[in-house]
Amino acid sequence: MEQMKSNTRMAGVDVGKSWLDAAVHGDDAPVTRFGNDREGVAELIAWLKTREVSRVGMEATGGYERDLRQACDATGFEVVVHQPMEVRLFARLKRKRAKTDALDARLIAAATAQIDAVRAAQDPRLAELAERLTAYEQITDQAAQLKTCLEQTRLKDVIRRFNGLIRTLERTKAELLTDMLRRVEAEPDLLARFKLLTSLPGHGPVVALGELIRMPELGSLERGQAAALLGVAPYDRQSGQMKGQSTIAGGRSRPRRLLYLAALSAKRCDPSFKAFAERLAAQGKPPKKVIVAVMRKLIEAANLILKRGHPWTKQPAT
């Protein structure tokens, strides 16, 4: 493993709305700045090639990194997308307090050099679907906010405007969902995975799309890894004589939000999951822990059916 690391040149890119600052790990040359546009990304790719870089790290920045990541994937670079919290914690570990774009680029390069496992290149079909799903989720949130506003006003003209906006948003949501389903149906491999996911309790089209698009690793994970990836795996808190409660942490928040809704439905409507939830409640588990346990059971089931290629069959209540 160490030999592999020594033969791999790492670069870090600090991504901003307008600029891309790039540094090569272990290289004392000044950090180089490129524009965050088509021409700038092309120049950065060429710059990375001349320096024989094979792995590129960047920070997730709410979409500003999207074009760069797609270009790096298409070029064949190994790509590591760090979560902002990971980079901040790495900076604390290295006792780095100063913060500039150039220093961040070097910090990201150093953090990238510490990564052993690199995710596979992003499927461009899923990248496009992810943008559409994000738009669907954002519109859902906007509609919910407007409905809250609607409860707080009695003015007829304002109510009329709010209702018009809500109808428009609901119509756009429906169109986006129909479009995503049509695109999935046009891809046989994605459609097969989608159908397997919809066989699970509580998994309607939106939940299944969330797992299909945002958790492409499902079906290739070992037992327990899917729950950890989603962020519903319990982690022990014990040190010396201190024995704290196990807690969940990290994971992918967007598919977790959808799976929460699936868990509510599964524990209410599916006999097996309902019996499982009731058994945990009878043992004194608080309601939130029961829901998390159901979510954990569901995501592990999703990984299992995708691995085996067989749909979920209803289990008897036990």
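Residues are numbered from 1 along each chain as its sequence is written, and side-chain values use heavy atoms, with hydrogens and water left out. Because the model is predicted, local features need pLDDT of at least 70 and side-chain atom pairs count only at pLDDT 80 or more, while totals for chains, interfaces and linings use all residues.

Side chains of opposite charge can pair when their charged atoms come close. Taking a salt bridge as a side-chain nitrogen of Lys or Arg within 4 Å of a carboxyl oxygen of Asp or Glu, the structure holds 21 of them. One of these joins Asp101 and Arg33, with an N to O distance of 3.0 Å. Asp101 belongs to helix H5 (residues 101-113) and Arg33 to strand S3 (residues 32-35), so this pair ties together parts that are 68 residues apart in sequence. Here helices (H or I, at least four residues) and strands (E, at least two) are DSSP runs, numbered from the N terminus. Relative accessible area is called buried under 20%, exposed over 50% and partly exposed in between (1.4 Å probe, protein chains only). On that scale Asp101, at 39%, is partly exposed, and Arg33, at 40%, is partly exposed as well.

Arg69 is buried at 13% relative accessible area, and Asp73 is buried at 17%.

Asp123 and Arg125 form another salt bridge, at 2.9 Å from N to O. Asp123 is partly exposed at 24%, as is Arg125 at 28%. Elsewhere, salt bridges with shared partners link Glu128, Arg132, Asp179, Arg182 and Arg183 into one network.

Turning to helix packing, the axes of H8 (residues 188-198) and H13 (residues 287-308) come within 10 Å and cross at roughly 135 degrees. Axes are lines fitted to C-alpha atoms, for helices over the stretch in contact, and angles run from 0 to 180 degrees between N-to-C directions. The two helices are therefore oblique to each other, since angles under 35 degrees count as roughly parallel, over 145 as roughly antiparallel, 65 to 115 as roughly perpendicular and the rest as oblique. Contact (heavy atoms within 4.5 Å) involves Arg193, Leu196 and Leu197 of H8 and Ala302, Ile305 and Leu306 of H13.
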